[in-house]
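I opened my notebook to look through one protein chain. Here is what I looked up, entry by entry.

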Amino acid sequence: MTRFWVCIAGAGFFLALLVLHSRFCASRLPPHLHLAFKISWRAEEILYRLDVDWPKYSEYFTGATFCVAVDSLNGLVYVGQRGDNIPKVLVFTEDGYFLRSWNYTVDTPHGIFAASTPQEKSVWITDVGSGFYGHTIKKYNSFGDLVQVLGTPGKKGTGLNPLQFDNPAELHVDDTGDIYIVDGDGGLNNRLIKLSQDFMILWLRGENGTGPAKFNIPHSVTVDSTGRVWVADRGNKRLQVFDKDTGDWLGEWKNCFSEEGPSAVRFTPDGKYVVVAQLNLSRLLILAAPPVGNIGDCFVVSTIQLADQVSPHLLEVSRETGAVYVAEIGAKQVQKYIPVNSRGPHLPHPHLNFWKKRDWKTDRSLRNSPGD
């Protein structure tokens, strides 16, 4: 018995020494040991919960849901889906009510972005199809009327005059009307392009490679409130960061993506967090956003683990409510996650709604999923 208490006292003394050393001598520790010690004492925060009532009826999802956009100004959610003889774009309210669908001039949607002003409701779609409307980026109004086409319809290429795309993955339109495009979801191009509001090329970065400002499947793009452009460089397992005005390379985050690269990237409205999707891991990462003037290292604050084969492809965050909408190509649905301090029913396991909506006995994509 005495030996037992001696061991306990020794362990406590050793632990106290570690804490004191971390507090007063942390700078002398090797960086990786210092980080490991700090992380081991920090539990992940639970920041989001699934909104089980969104949408009100999931039967409108009839294809593989590749992308989602939120028009926070008008309370609208756009979903792009793929499949034969189905509507390619679905329009819901942020409350989950279905409004309408349309299909005109949409071949194979990959990315979608809502860029509305008080004067105009608009939505942009990147189209990676091989048909007449493929390899383009197109602007529509809320009812599906085609307003603008960028690129050479039906022809992939690398040209800049006229501008050509090959599997353009996604775009971001900022409040000034400037457009940021990641072009190259496995195609000829691996580049980030900034266009002015009158569609003139302001700067271009990238080619295939692993170094700074080079890409291997640039899959998603967003701009933070401090003027930094973030690109999900999926094949290189990293996020790359650029100055929005000059296009200068500012840095990268790699340490959070050793298992799989990011397929989507967005910021929360308060600028505190970066929300990232990992397609094959069926996982969402909530990362601490860096301060102004410092990229630093990636730090995971929270995770949302989905069921196997759900496959979150792209996502969007509402600028009004902070809700996260996730387009899941494996589950063939879009799900909505709301901040834990929002009202609504609590669901401890976010992916349970996935099972509730589908018959796992008849859906081959779910048979090997372990649930929890």
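**Entry: one residue.** I began with Thr-136, which counts as buried because its relative accessibility is 0%. Buried means under 20% relative accessible area, exposed over 50%, and partly exposed in between, with a 1.4 Å probe and protein chains only. I found Thr-136 in strand E8, residues 136-141. Helices (H or I, at least four residues) and strands (E, at least two) are DSSP runs, numbered from the N terminus. I then listed what Thr-136 touches, leaving out residues up to four places away in sequence; among them are Ile-125, Asp-127, Leu-150 and Phe-165. Contact means heavy atoms within 4.5 Å.

**Entry: ground rules.** I noted that this is a predicted model, where local features need pLDDT of at least 70, side-chain atom pairs count only at pLDDT 80 or more, and totals for chains, interfaces and linings use all residues. Residues are numbered from 1 along each chain as its sequence is written, and side-chain values use heavy atoms, with hydrogens and water left out.

**Entry: the whole chain.** I read off three helices and 24 strands. Of the 372 residues, 51% are buried. I also looked at contacts with a separation of 6 or more: 46% of them join residues 24 or more positions apart.

Entry: I traced an open sheet of four strands, in the order E18-E19-E20-E21, with antiparallel pairing. Strands E18 (264-267) and E21 (300-305) are at the edges with a single partner strand each, so one side of each has no neighbour in the sheet. From one strand to the next, the twist averages 20 degrees. Angles run from 0 to 180 degrees between N-to-C directions, and axes are lines fitted to C-alpha atoms. E20 (residues 283-288) pairs with E21 over five bridges. Two strands pair if DSSP finds at least two bridges between them. I found Leu-287 opposite Val-300 in E21.

Entry: I checked residues 206-245 in the model: 0% helix, 45% strand, and end C-alpha atoms 16 Å apart.

**Entry: confidence.** Which average pLDDT does the chain have? I noted 85, with 80% of the residues scoring at least 70. pLDDT is the predictor's confidence in each residue, from 0 to 100. Over residues 17-41 the pLDDT is below 50. Residues 344-372 also stay under 50. Where pLDDT is low, the predicted coordinates should not be read in detail.
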